[in-house]
Amino acid sequence: MIFSRLCRAQFPARVLSQSSTIVLTKANMSTIPPPKILTEQPNIPDKQLFGPGPSNMPDEIRSSMNAPLLGHLHGEFTKIMDDVREGIKYLFQTNNRLTFAISGTGHAGMEVAVMNLLEPGESFLVVKNGIWGLRAANLGKRLSLDVHVLEVPEGQVATLDQFTAAVKEHKPKVVFICQGESSTGVAHPLEGYADVAHANGALLLVDTVASIGGAPFEQDKLGVDVVYTATQKVLNAPPGLAPISFSAKAEEKIRSRKTPVVSFYFDALELGNYWGCFDEPRRYHHTGMVSMVYSLRAALAAIAKEGVEKEIARHQENAIFFYKELQNAGFEPFVANKSIRLPCLTTVKVPEGVDWKIVADKLMAQKIEIAGGLGPTLGKIWRIGTFGVNSNQDKIKKVVAALKEATEQAKAKI
Ligand SMILES: Cc1ncc(COP(=O)(O)O)c(C=O)c1O
């Protein structure tokens with residue numbers, strides 16, 4: 001009744017039929033018609049994801065997202081957030097209270113860390129041995145930081161001596177190291193680096209997006225002040241959340257800022273409140289990614305079930321197996337030094353004269369994804385991720401066989 005009166009008041013008589021239902025005419029129809037494509041089923045093939053991420057998602061993680069939505073401040077959901085915080089602390093091996101998951105991908109982890117830890121004009125030292133150091137330096141410049149780069153050739157790492165010299169020279173407030181450099185397949189060592197940073201008044205920030213759960217990492221033992229990662233690699237969850245943890249010293253640095261963090265969405269203390277990190281009532285900050293948080297809980301539960309140290313050991317063993325299989329198939333590793341190879345992402349030299357893309361496309365036609373190089377390694381290497389459930393010897397054998405066959409076909413064409 002009220003609706004029909006309202007309609008009569010708002011629409012001319014010609015758009016109302018006698019029964020008061022709205023009749024669509026040219027005048028009141030949307031200009032843009034509904035896209036017909038949306039009436040069709042999308043094409044989502046089941047692929048073997050051996051690129052640098054996302055990786056394949058096991059059924060228990062996929063089905064966790066079918067649970068009904070809860071409100072982002074409902075008690076049942078904040079309990080799940082608390083469980084996730086415990087799981088992240090276990091994953092990073094830390095007791096830090098400011099530990100939570102950002103609504104955003106790995107890049108969001110980098111942005112939250114750099115944006116909160118540093119203020120304009122402060123010295124920021126970046127160890128760059130691939131694309132992720134470059135990205136951190138670029139972010140630092142956008143934030144008007146005093147950025148210094150310790151440049152290391154691709155496929156190598158900064159020695160403790162090189163690192164110490166750079167820290168002493170540039171007197172940074174924060175130093176960035178990417179543990180798992182996914183553009184080259186290098187695992188950067190971390191033992192002793194935090195001690196050098198701390199002795200010189202700096203905090204150590206580590207990117208573990210491509211390494212957590214696949215390479216040894218213990219935040220508290222290593223003395224790492226801030227670590228972030230992402231969900232779509234070893235965790236085998238969908239992309240969309242970035243677990244992060246700040247040490248007490250890092251939290252203190254944020255609390256003593258003279259200027260507010262430029263982003264409200266990425267303000268670590270606001271996020272910490274929403275995630276229940278402090279002894280205070282939670283406030284609405286943003287609408288939490290409810291279903292994604294369910295999936296992260298399921299992913300962390302799977303790691304807790306296997307045991308994080310066992311999970312890392314499995315990646316290490318399977319990486320050795322992978323390198324042997326590659327060698328038997330006639331391929332050469334990109335990272336010469338065995339002790340700095342990233343166990344969950346293997347880089348292989350593209351043989352002379354072979355087009356990496358033709359080979360990768362042949363594999364993709366068989367629903368097997370591998371990736372080419374990134375930035376300076378483009379065209380020179382393939383990057384093959386074996387994250388989480390994909391770190392499996394049967395799967396590795398199949399990938400190597402497919403790579404060998406496709407490369408031989410590509411060579412035959414030359
Ligand atoms: C080491 C590293 N850091 C950061 C990122 C950025 O993560 P995302 O693509 O989830 O934003 C990636 C992505 O592959 C990565 O490998």
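# Exercises on a predicted model

K233 lies in the loop between β9 (226-228) and β10 (241-246). The model examined here is predicted.

**Exercise 1.** Determine what UniProt records at K233, and whether K233 is buried or exposed.

*Solution.* The first step is to consult the record. An unreviewed UniProt entry places the feature "modified residue: N6-(pyridoxal phosphate)lysine" at K233. The next step is accessibility. Residues under 20% relative accessible area count as buried. K233 has 9% relative accessibility and therefore counts as buried. The last step concerns its surroundings. With neighbours within four places in sequence left aside, K233 is in contact with P52, S55, V209, A210 and F387.

**Exercise 2.** Locate R383 and state which strands make up the sheet that contains β14.

*Solution.* R383 belongs to strand β14, which spans residues 381-385. The UniProt annotation "binding site", from an unreviewed entry, covers R383. This residue has a relative accessible area of 5%, so R383 is buried.

The order β11-β14-β13 describes an open sheet of 3 strands with antiparallel pairing. Strands β11 (345-349) and β13 (371-372) stand at the edges; because each has a single partner strand, one side of each lacks a neighbour in the sheet. Between β11 and β14, the antiparallel pairing extends over 5 bridges. Within this pairing, T346 stands opposite I384 in β14.

Helix α12 (residues 308-328) lies across β11 and β14, and runs at about 20 degrees to β11.

**Exercise 3.** Explain why the buried residues of α14 are on the same side of the helix, and identify what they pack against.

*Solution.* Begin with the dimensions. Helix α14 covers residues 393-413, 21 residues in total. From its first C-alpha to its last, α14 reaches 30 Å, close to the 30 Å expected at 1.5 Å a residue.

Next, list the buried residues of α14: I396, V399, V400, A402, L403, A406, T407 and A410. These residues cover an arc of only 165 degrees around the axis, and therefore they are on the same side of α14.

Then consider the face turned away from the buried side, which carries the exposed residues D394, K398 and A412.

To conclude, the buried residues of α14 pack against α12, α13 (356-365), β12 (368-369) and β14. Strand β14 is also the strand in which R383 lies.

Terms used:
Residues numbered from 1 in each chain as written. Predicted model: local features only at pLDDT ≥ 70, side-chain atom pairs only at ≥ 80, totals over all residues. Heavy atoms only, no water. UniProt positions renumbered as here; feature names shortened; annotations may be inferred. Helix = DSSP H or I, 4+ residues; strand = E, 2+ residues; numbered from the N terminus. Buried < 20%, exposed > 50% of the residue type's maximum accessible area, 1.4 Å probe, protein only. Pairing = 2+ DSSP bridges. Contact = heavy atoms within 4.5 Å. Axes fitted to C-alpha atoms, helices over the stretch in contact; angles between N-to-C directions. Expected span 1.5 Å × (residues − 1). Arc of directions from axis to C-beta.
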